[in-house]
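Hi everyone, thanks for making time this morning. I'd like to walk you through one model, so please have a look at the screen.

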Amino acid sequence: YSVEVQKLASVQTLATGVGPATTPPGGGTLRIELGTWGAGQTTFAPKAGASAVDITVAATDTLADIRDKINAAGAGVTALVMTDSSGSRLLLRSNATGAENAFRTVVTDDDGVDNDATGLSKLAFDPSAGVAVMTQSQTASDAAALVNGLPVTSTSNTLASIVDGLTLTLNAETTLTGPVTVN
């Protein structure tokens with residue numbers, strides 16, 4: 001079989017701006033919802049079978065507290081705090097690869113403004129509503145390949161049942177080297 005990997009499946013990753021790790025951003029409610037972004041992220045379709053998760057954030061919660069609440073919520077997203085010489089930021093990433101595992105974060109900020117860069121709205125990301133305070137560093141996408149010239153996609157980097165009895169694990173794009181042959 002001739003296999004050309006055009007794109008590996010990936011997770012969505014978001015980051016807040018940089019600030020002091022111990023300074024609470026503010027209180028309110030953070031809603032995390034899995035789904036699929038439409039072209040240009042102008043629309044968002046919730047993932048079938050998944051429910052939006054609301055996380056209550058106290059005005060005294062630090063980035064580490066918010067990280068722990070997100071990780072305990074089971075929202076399909078993992079949070080971590082990254083610190084370097086410029087300060088700390090909260091990172092969010094979907095737990096699974098594939099376009100259907102993208103997510104949006106909608107904030108109800110205690111300060112009454114849900115889409116600015118102050119308070120809890122620092123964690124807002126919903127381009128379909130014109131809100132993108134967090135920075136997206138990676139989009140969620142499906143793997144795309146050609147097998148014997150035929151296009152195939154997968155939400156993960158495993159192609160199972162594409163051909164009877166054959167499972168392929170995709171490790172790298174082959175766009176620079178050309179197709180590989182699998183016997």
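Let me start with a question: what is the order of the strands in the open sheet of four strands? The order is β6-β7-β2-β11, and the pairing is antiparallel. Before I go further, please keep in mind that this is a predicted model.

At the edges of that sheet you find β6 and β11, residues 135–138. Each has a single partner strand, so one side of each has no neighbour in the sheet. On average, neighbouring strands here are turned by 30 degrees against each other, ignoring direction.

Now for the pairs themselves. β6 and β7 run antiparallel and are joined by eight bridges. They make a hairpin, with two residues between the two strands. If you want a pair to click on, take M82, whose bridge partner in β7 is R89. Over at the β11 end, β2, which covers residues 13–15, pairs with β11 through three bridges, again in the antiparallel sense. There, T13 has Q138 of β11 as its bridge partner.

Next, the helix. α1 lies across β6 and β7, and runs at about 160 degrees to β6. Which residues of α1 are buried? They are L63, I66 and I70. These three cover an arc of only 60 degrees around the axis, which puts them on the same side of α1. As a reminder, an α-helix has 3.6 residues a turn, so residues three or four places apart point the same way. The buried residues of α1 pack against β3, β5, β6 and β7. Just after the helix comes G74, with a positive phi of about 65 degrees.

The largest nonpolar core has 27 residues, and the members that touch the most others are I32, I70, L90, L92 and L123. Elements giving two or more residues to this core include β3 (28–37), α1 (63–73) and β8 (102–109). The largest share, four residues, comes from β3.

What does I70 contact, beyond its neighbours within four places in sequence? The list is L30, I32, I55, V77, A79, L90 and L92.

Notes:
Residues are numbered from 1 along each chain as its sequence is written. This is a predicted model: local features need pLDDT of at least 70, side-chain atom pairs count only at pLDDT 80 or more; totals for chains, interfaces and linings use all residues. Side-chain values use heavy atoms; hydrogens and water are left out. A nonpolar core is a set of buried Ala, Val, Leu, Ile, Met, Phe, Trp, Tyr and Cys residues joined through side-chain atoms within 4.5 Å. Buried means under 20% relative accessible area, exposed over 50%, partly exposed in between (1.4 Å probe, protein chains only). Contact means heavy atoms within 4.5 Å. Two strands pair if DSSP finds at least two bridges between them. Axes are lines fitted to C-alpha atoms, for helices over the stretch in contact, and angles run from 0 to 180 degrees between N-to-C directions. The arc is that of the directions from the helix axis to the C-beta atoms.
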